[in-house]
Amino acid sequence: MTIELATSSVMTAIQTTGYFAPLFFILFHLFRQFLLIPVAVVCIAGGVLFGAELGSMFSVLGLTGSSILFYLISKGFPTLLHRFEKMKVKWLGTYTNLSIGQIIILRMIPFVNFSLISLCILDKTKTFRGYTKLSFLTHIPSAICFTFLGAAIQSLSPIILAIILVLLVVLVYFFREKQVLIKWNDFFAREKA
């Protein structure tokens, strides 16, 4: 209920800003992660406010800005980054490296943590430029999906939504990297008594 109230308040505020509405919408994407509002909700709102094409474009820009903000915060606050790394190990395992296809598909699953996926991109890339480019590319399919299909997703039956989610999970498995590199010391680590 509070997410719906916050989202409707923000949508009303964005609608009343006139020519600056796209800028406020993109900025809302930046702060969305701190308000714990799902990406899908904001992208659907972008489709309602700006139409499918412009809403998708503004969402991709806003989501890429959110990823850049995550990058800057992770470099400025290493303890926060360490916390996300522990969450990644807990949810994905120590040696899991997601492929680009898996990252794209996980971005399209609404309840997967945005920052966790950004951490996976950070692990895959070595430079800020590489991180920004890969973030931008992985946001395009999810923004288009949520913006174009937003109205249809809301009106679909729970059975069809469950089937779509199962298909996405199967695709994540299908696009996995087929090899895992384990460090020598980790492989022969002695168990502590």
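Which residues lie nearest the centre of the largest pocket? I found Gln33, Leu36, Asn113, Phe114 and Ser115 there, among the 27 residues that line this pocket. I kept in mind that this is a predicted model, where local features need pLDDT of at least 70 and side-chain atom pairs count only at pLDDT 80 or more, while totals for chains, interfaces and linings use all residues. Residues are numbered from 1 along each chain as its sequence is written, and side-chain values use heavy atoms, with hydrogens and water left out.

**Entry 1: the pocket.** I noted about 600 Å³ of space in the largest pocket. A pocket is an open set of points on a 1 Å grid over the protein atoms alone, where a 1.4 Å probe fits, with protein on both sides within 12 Å along at least five of seven lines; lining residues have an atom within 4 Å of a point. The volume is the space filled by probe spheres set on the points, which are joined across faces, edges and corners. I sorted the lining into 19 nonpolar, 5 polar and 3 charged residues (Ala, Val, Leu, Ile, Met, Phe, Trp, Tyr, Cys and Pro count as nonpolar, Asp, Glu, Lys and Arg as charged, the others as polar). H5 (78–92) gives the most to the lining, with 4 residues. Helices here are DSSP runs of H or I, at least four residues, numbered from the N terminus.

**Entry 2: H7 with H4.** I saw the axes of H4 (residues 52–76) and H7 (residues 114–124) come within 10 Å and cross at roughly 70°. Axes are lines fitted to C-alpha atoms over the stretch in contact, with angles from 0 to 180 degrees between N-to-C directions. That makes H4 roughly perpendicular to H7 (65 to 115 degrees; under 35 is roughly parallel, over 145 roughly antiparallel, the rest oblique). The contact (heavy atoms within 4.5 Å) includes Phe70 of H4 and Leu119 of H7. I counted 6 nonpolar, 5 polar and no charged residues in it.

**Entry 3: H7 with H5.** The axes of H5 and H7 come within 10 Å and cross at roughly 95°, so I wrote these two down as roughly perpendicular to each other. Among the residues in this contact are Trp91 of H5 and Leu116 of H7. I listed 9 nonpolar, 1 polar and 3 charged residues.

**Entry 4: H7 with H8.** How far apart are the axes of H7 and H8? I read 9 Å, with an angle of about 135°, and the two helices are therefore oblique to each other.
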